[in-house]
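Here are a few exercises to work through with the model open beside you. Try each task before reading on to its solution.

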Amino acid sequence: MKIISVVGARPNFMKIAPFIRAVNAHNELTGNSINHCLVHTGQHYDNCMSRAFFRQLEIPEADINLGVGSGTHAEQVGHTMIEFEKILWQKKPDWVVVVGDVNAILACSITAKKEQILCCHIEAGLRSGDMSMPEEINRIVTDRISDLLLAPDMISYNNLIREGTPENKIRFTGNIMIDTLEDNRSKAAKLNIEDIFKDNSRNGSWKRFVNSFASDFAVITLHRPSNVDNRTVLQSIVRFVIDEVIEEIPVVWTIHPRTRKMMANFGLLDEILSQNKLLLLEPLCYLEMLRLNMLSKVVLTDSGGLQEECTVLGTPCLTLRHNTERPVTLTEYGGASVLVGNNIELIRKEFHSALKKQRNPTRPELWDGHTAERCLKAIIEYK
Ligand code: UD1
């Protein structure tokens, strides 16, 4: 059997690592019955957004890099389709496997189906109901055309059923990102937090920060266009962090390239950089981010992956979004995350309540570290 797996952007890497390991384990038992090829579309290309993850998660170098890079959505999707079509003609795989919801999966699932190649979507059925999110469009289209839909939780499974997906196309396999978390948590626990600060900050700012810091800290990550591309929204979040959050607790802000660029454009960066109790870090690699999460008193984020990791680690999480495609991570479903949008009053209220909370790990069904094996089994047994 020939499988092409596709990755494009940062959140894909921690999802494909366990799948490739499952393929390798299967090949050892069966004398290489699967011919696997990894394609990187090249959407994320900086060392800290891509290569460092390959090294740390021991993902073999991609067999093919499409070199698509940054651009508008249409440019990213269009270029990926043009390049991926050539790969399909050349490799003629039986399956194309896509993970998550970034532009790469939309482009590659459409191209695969037009070539009448079977397509499997890992992390199928997530729905935010928010069509202004490009990821929601990617999820809906990919799920509609894929042959095998692997759902991370029963809410997602039921979303697919509700949309009329035939039941024989869907399997409930669990959350593949948690395989990576379980594989790496003991490695992450050995990392020294000051080394993380030192290695990932500019201009020695970590020394100033460490002096103002006892043990507790909060972590912030933001990258969604709805939070960072609008001056009023980003400015009000930054003001809240500087005027109120760091009065209570030191803050480590790991910064996505888009967010740094927008902070600079809106003239916010200098004031942020001058705060002793606010440390700006470069985008962190997987183990470093996991370590920060394990130690953090509270996480403020708009990342879906972090919501899931906070649930399993038990870190109180404020999700700066109005909706989520991952309701299973919300406190009302037993998770660790509360939706606060970008409403500062609500963020303030939930922030103060989170500071009083204890770490409370929970584990949704089948988030057990063995999802990748179930995904591969579903592909092999597909009829
Ligand atoms: C993408 C995904 C999003 C995911 C996020 C994780 C889509 C639609 N969005 O959003 O779901 O949560 O990745 O990071 O696929 N840039 C760099 N270096 C890089 C990559 C990007 O500097 O290696 C900069 C570029 O200026 C680029 C901007 O970041 O324009 C945004 O990158 P892009 O790939 O367009 O989307 P993300 O916002 O990262």
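**Exercise 1. A charged network**

Which residues are linked in a network of salt bridges? Please keep in mind that this is a predicted model.

*Solution.* Begin with the whole structure, where a search finds 26 salt bridges. Side chains of opposite charge can pair when their charged atoms come close. The network links Lys-15, Asp-101, Glu-123, Glu-136, Arg-139, Glu-308, Arg-321, Glu-325 and Arg-326.

**Exercise 2. The surroundings of Arg-321**

Locate Arg-321 in the fold and list what its side chain reaches and what the residue touches.

*Solution.* Step one is the location: Arg-321 lies in the loop between strand E12 (317-319) and strand E13 (337-339).

Step two is the polar contacts. The side chain of Arg-321 reaches the backbone oxygen of Asn-323 at 3.2 Å. The side chains of Arg-321 and Glu-325 are joined by a polar contact of 2.6 Å.

Step three is the wider set of contacts. Leaving out residues up to four places away in sequence, Arg-321 touches Ser-128, Met-133, Arg-224, Asp-302, Gln-307, Leu-339, Val-340 and Gly-341.

**Exercise 3. Two salt bridges to contrast**

Describe where the partners lie in the salt bridges Asp-195 with Lys-198 and Asp-229 with Arg-258.

*Solution.* Take Asp-195 and Lys-198 to start with: their closest N and O atoms are 3.8 Å apart. Both residues lie in helix H8 (residues 193-200), three residues apart, about one turn of the helix. An α-helix has 3.6 residues a turn, so residues three or four places apart point the same way. Asp-195 is partly exposed, with a relative accessible area of 34%, and Lys-198 is partly exposed at 40%.

Now turn to Asp-229 and Arg-258, whose closest N and O atoms are 2.9 Å apart. This pair links distant parts of the chain, 29 residues apart: Asp-229 is in the loop between helix H10 (225-228) and helix H11 (231-248), while Arg-258 is in helix H12. Asp-229 counts as partly exposed at 33% relative accessibility, and Arg-258 is partly exposed with a relative accessible area of 31%.

**Exercise 4. The ligand and its shell**

Which residues come nearest to the ligand, and which helix gives the most to the shell around it?

*Solution.* First, the shell: of the 19 residues around the ligand, the nearest are His-44, Asp-46, Asn-103, Glu-135 and His-223.

Second, look at N or O atoms in side chains. An oxygen atom of the ligand is 3.0 Å from such an atom in Gln-43. For His-256 the distance from a ligand oxygen is 2.9 Å, and for Arg-258 the distance is 3.1 Å. The ligand taken alone exposes 750 Å², and the protein buries 88% of that.

Third, sort by element: helix H1 (10-30), helix H3 (73-91) and helix H12 (257-265) are the elements that give two or more residues to the shell. With three residues, H12 gives the most.

**Exercise 5. Covered or accessible?**

Is helix H14 largely enclosed or open, and where is a nonpolar patch formed by Met-131, Ile-137 and Ile-140?

*Solution.* For helix H14 (residues 286-295), nine of the 10 residues are buried, so the helix is largely enclosed by the rest of the structure. The buried residues are Tyr-286, Leu-287, Glu-288, Met-289, Leu-290, Arg-291, Leu-292, Asn-293 and Met-294.

The patch formed by Met-131, Ile-137 and Ile-140 is on the surface, with about 240 Å² of accessible area together. One of its members, Ile-137, lies in helix H5 (residues 134-145). Ile-137 counts as partly exposed because its relative accessibility is 37%.

**Exercise 6. A loop residue**

Place Asp-216 in the fold and name its contacts.

*Solution.* Asp-216 lies in the loop between helix H9 (205-211) and strand E8 (218-221). At 41% relative accessibility, this residue counts as partly exposed. Setting aside neighbours within four places in sequence, Asp-216 is in contact with Ile-249, Pro-250 and Lys-297.

Methods
Residues are numbered from 1 along each chain as its sequence is written. This is a predicted model: local features need pLDDT of at least 70, side-chain atom pairs count only at pLDDT 80 or more; totals for chains, interfaces and linings use all residues. Side-chain values use heavy atoms; hydrogens and water are left out. Patches are made of residues with over 30% relative accessible area and no salt bridge: like charges are joined within 9 Å, nonpolar side chains (Val, Leu, Ile, Met, Phe, Trp, Tyr) within 5 Å. Accessible areas come from the Shrake-Rupley method with a 1.4 Å probe; for residues, only the protein chains shown count as cover. A salt bridge is a side-chain nitrogen of Lys or Arg within 4 Å of a carboxyl oxygen of Asp or Glu. Helices (H or I, at least four residues) and strands (E, at least two) are DSSP runs, numbered from the N terminus. Buried means under 20% relative accessible area, exposed over 50%, partly exposed in between (1.4 Å probe, protein chains only). Contact means heavy atoms within 4.5 Å. A residue is near a molecule or strand if one of its heavy atoms lies within 4 Å of it. A polar contact is a pair of N or O atoms within 3.5 Å; within protein, one must be able to donate a hydrogen and the other to accept it, and residues adjacent in sequence count only if both atoms are side-chain atoms.
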